[in-house]
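Please keep the structure open while you read.

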Amino acid sequence: MMIKGDDLLKPRILLAILPLVALLLFPLFVRDRYVLHVMIVIFVYITLVESWNLPGGYAGYISFGHVLFFGIGGYSTAMLLIFWKIPTIVTYLFAGVFSALVALVFGYISLRLKGPYFAIATLALATIGRYIFLNFDVFGGAEGLLLPISPWPPEFEKIPYYYGALGIATLTVFIIYGITKTRLGIGLMAIRENEEKAEGLGINTTKHKVIAFIFSAFFPGVIGGLFASYLEYVNPDSCFSILYSANILLMAILGGLGTVTGPIIGASVIVVASEVLSFTIGHQVRLVVFGFILVTLAIFLPGGLLSIREIGRTMKERGFVLGEREEIAAP
Amino acid sequence: MTLEARKVVKDFGGIRAVDSVSLQIPAGSITGLIGPNGSGKTTLFNLLTGFLPIDEGEIWYKGRRIDGLKPYQVVELGIIRTFQITRIFPKLTVLENMLIPTRENGLSHLVSSPRKDGRPKKAIQLLESIGLAAYRDEPAASLSYGQSKLLELALSFMVEAEIVLLDEPSSGINPSLQARINQWITEENRQGKEFFIIEHNMDVIMGLCHHIVVLHHGQKLAEGEPSVIQQNDQVLEAYLGE
């Protein structure tokens, strides 16, 4: 993302606040349980994708295993609720902290790996995590754990989770946005563009990456905790399904890597499209469509939906539209 | 005491790229590093700035041993370098590029804005003096090769460095701009910055430097004032052949 003077800032804030007010009022008008459920899922994914985007989109460290932090959050809340009977909302904070701690340890070890090697390490970590939770009795094995039943009456039971998820997603977006405006943020972008040069200009790259990774694990942990208490159960499949990681990637790329609004757009579009496509062409065929979308995007819109205005130029560059190709200046 | 190498050795497989080189940058000087291609100049830069580990010897700066430090730690001490092949950050704007260099990595520093302490103002002044101010909001990828070289040089001026190591700053730059860069280096030097410059252009080296070190096959061949180096038979032989 490019910073082009601060005069653009004010209308941007307004643009952020208006939808937020609309979302706050939304449950007053829409009581449909299904719609509220879809909204909660969107908020969950916004949190996940926005968090993933900090190391992934800004620093270029693509994680294939981000579901791990979501899962750790879910199990943390489950364990705390079942065994220690701590107030639910407090368990979310612990869930975030546990995820962040795992990210600290794993990040410190693995962030020296670059490109595909880092991606594979994250995939391995998520798989290991899943098997740990699958095979230890204290975590309930394959059946998982049942959480205490929600105290809310059925007609209102989605409302607190709706506001909880909205709150966490909003906080995530604003904090990540804030981070991208700091030295840490510009340092992360420098790392993405050229890590060796960044280090040569005084950037402590390891520290930058580990901090980014900790933040990117904290929020998924918190929202994982909330989602577990919302579903009222956790099991290795609900918490560690690789589909989450795949969806995060799809949404991030669809929305636009390394932008703050991209994940919001990507998460919303994919969740809604998933639901619509499940009704129309079926649950499984939908994945084929997503695969097709991803490949098409990679070719025509590498900047994601946010860069849709540039599609004409990209089509030309790729030779799909006849016309003068832009000359690439020789060094 | 300024930057000093003591019997530094670097091997690449069976090749000794830097062979027991000892040198000291005279305080307050502009020092040149010359030598034929493959004589180990850039490798020596990489060793001095922590980009490569040394095999033997020591590197000292201000009474402190600095070999083994990471590149960013070397920058924190006040030693910054440029690269022979420019490595700017292509997708960031020219101004954003300028805001990246830093000598601090503390937590409170990381959460602060890169735009505080008048840094954008300083950046724009620097960009104006090299004629890139008009491109400040353009992605750095849109710059030409020569302009990228200039940006690379300007980046090294964004931190309050004490020593600047420049790796062939004049290659690919037109003569009038070259004169401006030389002027720039001289001015910064008068204000207390030391320079260590790799250069093939002898006019630049002889006109700019107070002190010259010659490398050949990884060894220090000669060292001294420009006029002395110009008369040195060994140096002429290394450059021109027998």
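1. Start with chain A. Among its contacts with a separation of 6 or more, 76% link residues 24 or more positions apart. Two residues are in contact if their C-beta atoms, placed from the backbone, lie within 7 Å.

2. A word on the model. It is predicted: local features need pLDDT of at least 70, side-chain atom pairs count only at pLDDT 80 or more, and totals for chains, interfaces and linings use all residues. Residues are numbered from 1 along each chain as its sequence is written, while chains are lettered from A and ligands numbered from 1 in the order in which they are written.

3. Chain A has 14 helices and two strands. Helices (H or I, at least four residues) and strands (E, at least two) are DSSP runs, numbered from the N terminus. Of the 331 residues in chain A, 45% are buried. Buried means that 20 or more other C-beta atoms lie within 10 Å of the residue's own, with C-beta atoms placed from the backbone.

4. Next, the core. The largest nonpolar core holds 152 residues. Such a core is a set of buried Ala, Val, Leu, Ile, Met, Phe, Trp, Tyr and Cys residues joined through C-beta atoms within 7 Å. Its largest share, 13 residues, comes from helix H9 (residues 205-231) of chain A. Ala165(A) is one of the residues with the most contacts inside the core. Leaving out residues up to four places away in sequence, Ala165(A) touches Ile40(A), Phe43(A), Val44(A), Ile223(A) and Leu226(A).

5. Where do the chains meet? In all, 23 residues of chain A are in contact with 32 residues of chain B. H7(A) gives the largest share of chain A's side, six residues.

6. Now look at helix H6 (residues 145-157) of chain B. Is H6(B) largely enclosed or open? It is largely enclosed by the rest of the structure, because 11 of its 13 residues are buried. Gln147(B) and Phe157(B) are among them. The cover includes strand E6 (79-81) and helix H3 (94-99) of chain B.

7. Finish with the strands of chain B. Strands E1 (residues 4-12) and E4 (residues 56-61) run antiparallel, joined by four bridges. Two strands pair if DSSP finds at least two bridges between them. Arg6(B) stands opposite Glu58(B) in E4(B). E4(B) also forms a hairpin with E5(B), with two residues between them. In that turn, Lys62(B) has a positive phi of about 50°.

Technical notes
A residue is buried if 20 or more other C-beta atoms lie within 10 Å of its own, exposed if 12 or fewer, and partly exposed in between; C-beta atoms are placed from the backbone.
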